[in-house]
Amino acid sequence: MLTRLLAIRRLRERRLHAQLQVACRQLADMQRQQQDLLAAQRRLQRAWRRHGVVDYVLDRAAWQRFRAELADYDLRDRELAGQLGTLQTGMQSLQATAAGLRARLRKAQRGQHKLQLLLEET
């Protein structure tokens, strides 16, 4: 009976390991995505600053186009910031999930170790 219980606990440990690996892979993917978004945001902001430097006089139509282009940069920057915020929230949630899985895994390993000690004594 104890050997059956030990086998069940080993299966649980393997399942927790697999879940933790999936969570870690997802977190790594999210971190790469975050880096990509940050790089895109930096590129956009550099382009925005370069575009915003105007050293000549604009007529009314050119001024309106210029303002619309700057508004487009602002909109894209806000969209990237929103995506980064959503991604950060997801990463925090995933980190909490991974921490919970690690705690459950440690608990399962302790219980499994206790069962192994019981089996060795019998």
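**Close-up views of side-chain contacts**

**View 1. Asp72 and Arg76 are joined by a salt bridge whose closest N and O atoms are 3.6 Å apart.** A salt bridge is here a side-chain nitrogen of Lys or Arg within 4 Å of a carboxyl oxygen of Asp or Glu. The structure is a predicted model, in which local features need pLDDT of at least 70 and side-chain atom pairs count only at pLDDT 80 or more, while totals for chains, interfaces and linings use all residues. Residues are numbered from 1 along each chain as its sequence is written, and side-chain values use heavy atoms, with hydrogens and water left out. Both Asp72 and Arg76 belong to helix α2, 4 residues apart, or about one turn of the helix; helices (H or I, at least four residues) and strands (E, at least two) are DSSP runs numbered from the N terminus. Asp72 is partly exposed at 36% relative accessibility, and Arg76 is partly exposed at 35%. Buried means under 20% relative accessible area, exposed over 50%, and partly exposed in between (1.4 Å probe, protein chains only).

View 2. Asp74 is partly exposed, at a relative accessible area of 25%, whereas Arg78 counts as exposed at 57% relative accessibility.

View 3. A search of the whole structure finds 3 salt bridges.

**View 4. Trp48 and Tyr73 form a stacked aromatic pair.** The structure holds 2 aromatic pairs. In the pair shown, the ring centres of Trp48 and Tyr73 are 6.5 Å apart and the planes lie at 10°, so the pair is stacked. Rings of Phe, Tyr and Trp (its six-membered ring) pair if their centres lie within 6.5 Å; planes under 30 degrees apart count as stacked, over 60 as edge-to-face and the rest as tilted. The pair links distant parts of the chain, 25 residues apart: Trp48 lies in helix α1 (residues 2–52) and Tyr73 in helix α2 (residues 60–121). Trp48 is partly exposed, with a relative accessible area of 25%, whereas Tyr73 counts as buried at 14% relative accessibility.
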